Amino acid sequence: MSVEYVVKAVKCATDEEIHNFKEKVLLGNQVKERGLTKRIQDAAALVFVYDGDELIATGALKDNLRHQRTIALQSGVDLPQAEYAGEVGYLYVNEAYRRNRIGSEVVKKIITAANGRGVFATAQSQNKASIKVLTRCGFVAVGQRWQSEKGDDEVGLYVLWKRSS
């Protein structure tokens, strides 16, 4: 398996790339479709993973200050914009490619895109694969969990603090 990781600023992504990115993200059943294209377009960076011409995985450095403030309130953890580049999100890996550490590599690309600033992520407590990827990449669970909009689960905050100079 030879995969290619492509990191792009959103302004450099084509409409087709954004559409394909969105379609993959929706397969994960973790985000609401309403407004998703706009939220993707507001991201600081997108990660596309290809096997040949096939898009097999996605991830983003999400830049949404209002959402960041909401997460800070729900978790009880301060997430100042000056210290955090944004949220790791829209992480999706095609089922046939899972358990090959592609998700970890996507997260590492997002961390690099943060240019030394901290990043954070949220994960449903039942999503053991995402939690494993985050902890493998150095994220630490912090704060209090809160009720998921999905009903029977809780969401936790995971942070990777900014790197010291």
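Reply: What follows is a close look at the aromatic cluster, starting with the cores.

The model is predicted, so local features need pLDDT of at least 70 and side-chain atom pairs count only at pLDDT 80 or more, while totals for chains, interfaces and linings use all residues. Residues are numbered from 1 along each chain as its sequence is written, and side-chain values use heavy atoms, with hydrogens and water left out.

A nonpolar core is a set of buried Ala, Val, Leu, Ile, Met, Phe, Trp, Tyr and Cys residues joined through side-chain atoms within 4.5 Å. Buried means under 20% relative accessible area, exposed over 50%, and partly exposed in between, with a 1.4 Å probe and protein chains only. In soluble globular proteins, nonpolar side chains tend to be buried together.

The largest nonpolar core has 26 residues, and Ile102, Val119 and Phe139 touch the most other members. Among the elements that give two or more residues to this core are β2 (45–51), β4 (84–93) and α4 (102–113). Helices (H or I, at least four residues) and strands (E, at least two) are DSSP runs, numbered from the N terminus. Helix α4 gives the largest share, five residues.

There is also a second, separate core of 16 residues, with Phe21, Ile40, Tyr50 and Tyr90 among its members. Three of these names return in the cluster, where Phe21, Phe48, Tyr50 and Tyr90 are grouped together.

Rings of Phe, Tyr and Trp (its six-membered ring) pair if their centres lie within 6.5 Å; planes under 30 degrees apart count as stacked, over 60 as edge-to-face and the rest as tilted. The structure holds four aromatic pairs.

One of them joins Phe21 and Tyr90, edge-to-face, with 6.3 Å centre to centre and 90° between the planes. This pair links distant parts of the chain, since Phe21 is in helix α1 (residues 15–27) and Tyr90 is in strand β4, 69 residues apart. Phe21 and Tyr90 are both buried.
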